[in-house]
Every structure is written in C-alpha cells, then in structure tokens.
Amino acid sequence: MKRAIVTDGVPGPRTRELAARGGFDMQAIYRTLVIDDERSSGPWIVDVDGNVLLDLFANFALGALGYNHPAVMAVTRSEAFARAAANPTSTPFVTTASWFDFTEALQSRFAPRGMAKVFCVDAGGEGVEAALKAAFIVHGERRRERAGAPKNPLELSEADQRAVLENRGTDAVVVSFSGAFHGRGLGPLSATHSKVIHKADLPSFPWPTAPFPANRFPLAQHAEANARAENEALGELEKILAAHTGRVAAVIVEPVQSEGGDRHASPSFFRKVQELAGKAGAAFILDEVQTGVGMSGTLWAHEQLDLAHPPDMVCFGKKMQMGGFFATAPYAIAQFGRMYQTKNGDRARAMIAEAILRTVVDDGLLERVRTVGAHFLAGLEGLAVRYPALVSDPRGRGFLLAFDLPSPAVRDDFLKRALGRGVFASYTGTRSVRLRPHLITEKEHVDDALAVFDTVLGELA
Ligand SMILES: Cc1ncc(COP(=O)(O)O)c(C=O)c1O
C-alpha cells in the first residue's frame, strides 16, 4: 500500500458524516478518524473516505501487529475463539482449557524474568490499581506481623475490623514521580502527575511525589546536566522515603514516562530507585502498560535497565489486550477474597494476546524494532540538525520515539499538516510529538514518514 489522500483534507466528508452520528457517545469529542477495517492492512489505515494513512499512532500504542495481521486473524476466525468470545467466564472460578495454554505460555516464555504469578483485568489502569493493592496488602500484613498483631485481617479485633470498614485502614503511601501517568482510576490517579486536567476536582490520596529527572537529548551533549538532575532526584527520593519510614508500600515508575511527554532517565537511575525502594521495604513496581510487549525493542523495557534483581511487580496493558500485573512470589496474594474481580481473565482477549506475543518473539520483531527504531531516531536527529529552531530532543528506545517542537500550537499544527499528508502521529506532554509505530513497521515506512516530516517542517520553518 501507499500513502494517498483522495479527499480535500482529512477528515473527509464520509468521515465527518459518520462521526456526526456518534454524538451520544461521550467520547465523540476526541474522534479523529473513522477507519475501514476491512481495507486497512499492516501499518496502513484506510479511512471510510478511501484515504490511506501511515499509522504511527497505533491507537495510543494499543496496536501491535498492524491491521488484520494473519496470525491474529487466524485465531479470531477459529471456532475456539468464537466460543471464548461468546461464553465469557468468571475465570478464577470457571474456565476452559484454553486459559491454561495462555498462562503456561506467559509463565514459560513471555512473562518478565523472576515473576511467579500473573493477575489479569481488563485495562492498563486497572492492572496498576491491582498492583498497588497487592503492595498495600503485603505492606499491611508485614506491618502487623512486626507489631505482633494477626497477619490475617479476619482475625483482627472487632474495633480494628470496624476501622477497616470505615476507611481508617492504613496510613501507608505509594511514592510516584512527577510527570508520571499510571491510569485514571482513583487509585492510580493519585500516582499520576502528568496533566492538571486529569486530576482537577477529583479526590486524591495524599501520597508523596519524587521529581523525575527527564534527560535532555542528545545524551552526549547533556551528560553532565542529566547526571546532576538524576542525583538531585535520587536525593529527593531518599528524603521522601526517610520522611515516611515504615509507611511506604510501593515506589512505582514507568521505564519511559510516556503520557507525561516521553521522558527518559538512565538505567542507573532506575537501579538506584530499585535499591532505595528495597531498603525502604517498599515494593518496586514498574508500569510497563505502554512500554511492554516489544515497544522498546525488548519484550519488556526493563530488560534494558540491567536491574540487580527483578522488579517486585510489572504492570501491563495495551498490546497485551488486557491489563494486569506480574508479581514475584512475595506479592502473589493468596488469601481468598482479597483480589478477585468478576472476569480476571478474558479468554478471547488472551487468545489474541498469545498470538501477538508468539509473533513478536518468533518472527524476529524485537530485532526489527531495534534496528528500524534506531534508523527512525537517526532520521529524527537529522531533522533536529536541519531545523534547529523547530525540532529538539529527538529521543527513543526501539519504537518509543518522540521529539519536541517549540510550543503546543506548533506541535498541533505539525500533527495536522502531517495528517493531511497521510501520516498519523500523536501528541504527548505539552509540546512533544509521540511516535508509536506498529511493531511490523519497516524501514521503507519510516523513510516515507521522515520525508513527510521534512516537508511539513519546511512549511513551518
Ligand atoms: C504507563 C501507563 N499506565 C497506565 C495507563 C492506563 O491504561 P488504560 O488507559 O488502558 O487504563 C497508560 C495509558 O496510557 C499508561 O501509558
């Protein structure tokens, strides 16, 4: 397929006509495209007007293998998939044999190293919420044990049980980082600090926030300032942990802050955060909702951090087709009634997830993401040299790519013009362009996108 704009601007008339029908949907305010999913293929979106667009948005990194990938389509056409979709189960209580194929595949091939269990929910933010709960549960049990009180909450005194029911259960906290995004439920939102509009008027837990030392790029040019920022941030984290001694249930961090503006820190920063969390007796949780399943060039981005030992928990979502978290043995919550949700394991979604994971690993897509991603980044660095007044901080790991433009208005103009030329990219932070190619994207697609970016920047210069 090839990029082609056949209407006078995007969106075209048929898209506008259809979108106008969607007004009952509260989320209609965001709608950019109405796609023809029969004709869309690989990294190419065909919209209902017949425009062909290169998709570097991939539905906020939800998309993994592009549109209508044969491995995914083969699964979804099977009788087994139809039955799994038609007969949803409360999987913890009742399931079918296919569920064990999925959990065994995770355990033997796809879960991050060191993980003992998986917990599955529907969305990424729900997975984070569940991981935070597991951290609080383990923290509470350990605290009671140290105090000589019963570990099992059902053995607490009547007064203590009443305190639990009346929301006076714990003063424990979760430490998160400035600019973080962990989801929109009221738990994860208290660890989210990317945009005021996400949090305004909503109640939050009074949890502390450590500064995140967003690296400047190119790294070689900013090495000293980046190292200083990381040391200062670690100093602040240490102070926060000391001020909350014995009360920190978890420290949660994204390997690359995605929604907050594609902000990176060095592997040594993460190693130190893990060490400090461990010393504070807190769970070290990595939120890989956006960075996981190959996006960074390794199946899990934290494989590139060279951590001294596995994180205590790893949250997933997006490309996994469901949310959830992997847990090391101490965070595998076993008590009946503690963590249950009705579905906890959508068998149809699991079949798709397994097809995606197998394809990513067996078809050499991780290697491709690394090489094509490095090529894309080199191209963005070239644009930063050609347009120094416009493009700054080109950065990336695998296909987690971004660069900055001078202001939100210029960034939005850039994205609109790129869309009008058939390249669909998205935004993050205040003035960053976020690129999240499907994992099947090839060098020729990247070169095509870079040529469009060059043209648009030329127009803006
Ligand atoms: C790092 C991270 N955590 C959590 C979430 C929330 O995922 P969901 O929107 O599926 O609930 C996102 C979504 O963008 C994310 O990027």
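This is a predicted model: local features need pLDDT of at least 70, side-chain atom pairs count only at pLDDT 80 or more; totals for chains, interfaces and linings use all residues.
Modeller: Residues are numbered from 1 along each chain as its sequence is written, and side-chain values use heavy atoms, with hydrogens and water left out.

Colleague: Which side chain has an N or O atom 2.7 Å from a nitrogen atom of the ligand?

Modeller: The residues around the ligand (a heavy atom within 4 Å) include Gly124, Gly125 and Asp287. Polar backbone atoms of Gly124 and Gly125 lie 3.0 Å and 2.8 Å, respectively, from an oxygen atom of the ligand. These are polar contacts, that is, pairs of N or O atoms within 3.5 Å. The side chain at 2.7 Å from the ligand nitrogen is that of Asp287.

Colleague: What share of the ligand's exposed area does the protein bury?

Modeller: Accessible areas come from the Shrake-Rupley method with a 1.4 Å probe. Taken alone, the ligand exposes 390 Å², and the share of this that the protein buries is 79%.

Colleague: Where is Pro218 found?

Modeller: A cis peptide bond, with omega about -5°, joins Phe217 and Pro218. Helices (H or I, at least four residues) and strands (E, at least two) are DSSP runs, numbered from the N terminus. In these terms, Pro218 is in the loop between β5 (209-210) and α9 (223-243).

Colleague: Which helix contains Asn59?

Modeller: Asn59 is not a glycine, yet its phi is positive, near 50°. The helix that contains Asn59 spans residues 58-61 and is α2.

Terms used
A polar contact is a pair of N or O atoms within 3.5 Å; within protein, one must be able to donate a hydrogen and the other to accept it, and residues adjacent in sequence count only if both atoms are side-chain atoms.
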